[in-house]
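Trainee: I have a model open and would like to talk it through with you. Could we start with how the helices pack and then move on to the side chains?

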Amino acid sequence: MTVAQKLQAFWNHPAGPKTIHFWAPTFKWGISLANIADINRPAEKISLPQQCAITATGVIWSRYSTQITPVNYNLLAVNAFMALTGAYQLFRKISYDMAQPAATA
C-alpha cells in the first residue's frame with residue numbers, strides 16, 4: 001500500500017478528518033494540554049470539582065471509545081490522557097489538602 005493509498009484510507013475512514021468523530025477529540029486535546037500546563041500551578045489553586053470532572057470524563061469516555069464501531073483511537077487516546085492528567089492533579093490537590101493543619105473555629 002503506497003503513502004497516497006494510506007492517506008486516502010485515512011481521509012475516508014469513518015472517524016477520519018471529514019467527520020466530527022475526528023475533530024471533536026482533536027480539539028479536546030486542548031483540555032489535556034491545559035491540564036499539563038497547570039502542573040506548575042500551586043496545589044492550593046487546583047479546583048477539586050474541576051479535576052474530578054476531568055478525571056471522570058476521561059475514564060467514562062475511554063471506556064466508551066473502545067465499545068463503538070469502529071474504535072476511535074483518537075477519542076481513546078485523548079480521554080485516557082485526560083484521565084491520567086486529572087488523576088495526577090487530584091493526587092496533588094488531595095495530598096496538599098491533607099497536609100494542611102485542621103482549621104479550628
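Trainee: At what angle do helix 2 and helix 3 pack, and how far apart are their axes?

Mentor: Helix 2 and helix 3 pack at an angle of about 135°, and their axes are 12 Å apart. That makes helix 2 oblique to helix 3, where angles under 35 degrees count as roughly parallel, over 145 as roughly antiparallel, 65 to 115 as roughly perpendicular and the rest as oblique. Axes here are lines fitted to C-alpha atoms, for helices over the stretch in contact, with angles running from 0 to 180 degrees between N-to-C directions. Helices themselves are DSSP runs (H or I, at least four residues), numbered from the N terminus.

Trainee: What should I know about the model before going further?

Mentor: The model is predicted, so local features need pLDDT of at least 70 and side-chain atom pairs count only at pLDDT 80 or more, while totals for chains, interfaces and linings use all residues. Residues are numbered from 1 along each chain as its sequence is written, and side-chain values use heavy atoms, with hydrogens and water left out.

Trainee: Which hand does the crossing of helix 2 and helix 3 have?

Mentor: The crossing of helix 2 and helix 3 is left-handed, a term used if the near helix is turned anticlockwise from the far one by less than a right angle, with right-handed used if clockwise.

Trainee: And how do helix 2 and helix 4 pack?

Mentor: Helix 2 and helix 4 pack at about 20°, with axes 9 Å apart, and they are therefore roughly parallel to each other. Helix 2 passes helix 4 in a left-handed crossing.

Trainee: Changing topic, which residues make the nonpolar surface patch?

Mentor: L33, I36, I39, F81, Y88 and F91 make a nonpolar surface patch of about 550 Å². Patches are made of residues with over 30% relative accessible area and no salt bridge, like charges being joined within 9 Å and nonpolar side chains (Val, Leu, Ile, Met, Phe, Trp, Tyr) within 5 Å. Accessible areas come from the Shrake-Rupley method with a 1.4 Å probe, and for residues only the protein chains shown count as cover.

Trainee: Which element gives the most to that patch?

Mentor: Helix 4 gives the most, with 3 residues, and F81 lies in helix 4. At 30% relative accessibility, F81 counts as partly exposed, since buried means under 20% relative accessible area, exposed over 50% and partly exposed in between (1.4 Å probe, protein chains only).

Trainee: How many salt bridges does the structure hold?

Mentor: The structure holds 2 salt bridges, each defined as a side-chain nitrogen of Lys or Arg within 4 Å of a carboxyl oxygen of Asp or Glu. The side chains of D38 and R41 meet in one of them (3.5 Å, N to O); D38 is partly exposed at 24% relative accessible area, and R41 is partly exposed at 35%.

Trainee: What about K93, is it buried or exposed?

Mentor: K93 counts as buried at 11% relative accessibility, and its side chain meets that of D97 in a salt bridge (3.5 Å, N to O). K93 and D97 are 4 residues apart in helix 4, so about one helical turn separates them.

Trainee: Last one: which residues does the cis peptide bond join?

Mentor: The cis peptide bond joins T69 and P70, with omega about -5°, and P70 lies in the loop between helix 3 (48–67) and helix 4.

How values were computed
Helices (H or I, at least four residues) and strands (E, at least two) are DSSP runs, numbered from the N terminus.
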